[in-house]
Amino acid sequence: MMISDWKQAYKLWSVQCALLLALVNVLLAALPALQDVMSVTVYAVVNAALAGGVALLRVLAQIPVEALAGNDQ
């Protein structure tokens, strides 16, 4: 099912998890100081867990965006 108003997609859990995954990747690439604290193994595990979370959330039933916006029709 496609989202009728794509601007409301940020309310879906899978989209939020994907954005979190992207943020983690950007932070680790942009902040060399974090690379000293977080080993490659920890980075890989965090990345894999978040990616798995995206896949899991895509399968789970999510609250329709219209219901979150209060536009039940």
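## A residue in helix α2

L34 is found in helix α2, which comprises residues 32-37. This residue is partly exposed, because its relative accessible area is 33%, a value between the 20% below which a residue is buried and the 50% above which it is exposed. Apart from its neighbours within four places in sequence, L34 is in contact with L27 and L28.

## The chain as a whole

The structure described here is a predicted model. The secondary structure of its protein chain consists of four helices and zero strands, and along the sequence the pattern reads α-α-α-α. The chain has 73 residues, of which 21% count as buried. Its accessible surface comes to about 5,500 Å². Carbon and sulfur atoms account for 70% of that surface.

Contacts in the chain can also be sorted by separation along the sequence. Among those with a separation of 6 or more, 65% are between residues 24 or more positions apart.

## Confidence in the model

The mean pLDDT of the protein chain is 75, and 78% of its residues reach 70 or more. Among the elements of the chain, helix α3 has the highest mean pLDDT, at 82, whereas helix α4 (residues 65-69) has the lowest, at 60.

## Helix α1 and its two sides

Helix α1 covers residues 13-30. It has 18 residues and reaches 25 Å from its first C-alpha to its last, which is close to the 26 Å expected at 1.5 Å a residue. An α-helix has 3.6 residues a turn, so residues three or four places apart point the same way.

Helix α3 spans residues 40-59 and has 20 residues. The distance from its first C-alpha to its last is 29 Å, close to the 28 Å expected at 1.5 Å a residue. Its buried residues are N47, L50, G53, V54 and L57. Seen down the axis of α3, these residues fall within an arc of 120°, so they line one face of the helix. What covers them includes α1.

The face of α3 turned away from the buried side carries the exposed residues V40, T41, V45, A49, L56 and V59. L56, for example, counts as exposed because its relative accessibility is 51%, and the cut-off for exposure is 50%. The C-alpha atoms of L56 and W13 are separated by 9.9 Å, although the two residues are 43 residues apart along the chain.

## The nonpolar core

The largest nonpolar core has seven residues: C17, L21, V24, L28, L50, V54 and L57. Helices α1 and α3 each supply at least two residues of this core. Its largest share, four residues, comes from α1.

Key: Residues numbered from 1 in each chain as written. Predicted model: local features only at pLDDT ≥ 70, side-chain atom pairs only at ≥ 80, totals over all residues. Heavy atoms only, no water. Expected span 1.5 Å × (residues − 1). Buried < 20%, exposed > 50% of the residue type's maximum accessible area, 1.4 Å probe, protein only. Arc of directions from axis to C-beta. Contact = heavy atoms within 4.5 Å. Core = buried A, V, L, I, M, F, W, Y, C linked by side-chain atoms within 4.5 Å. Areas by Shrake-Rupley, 256 points an atom, 1.4 Å probe, with all protein chains shown as cover. pLDDT = per-residue confidence, 0-100.
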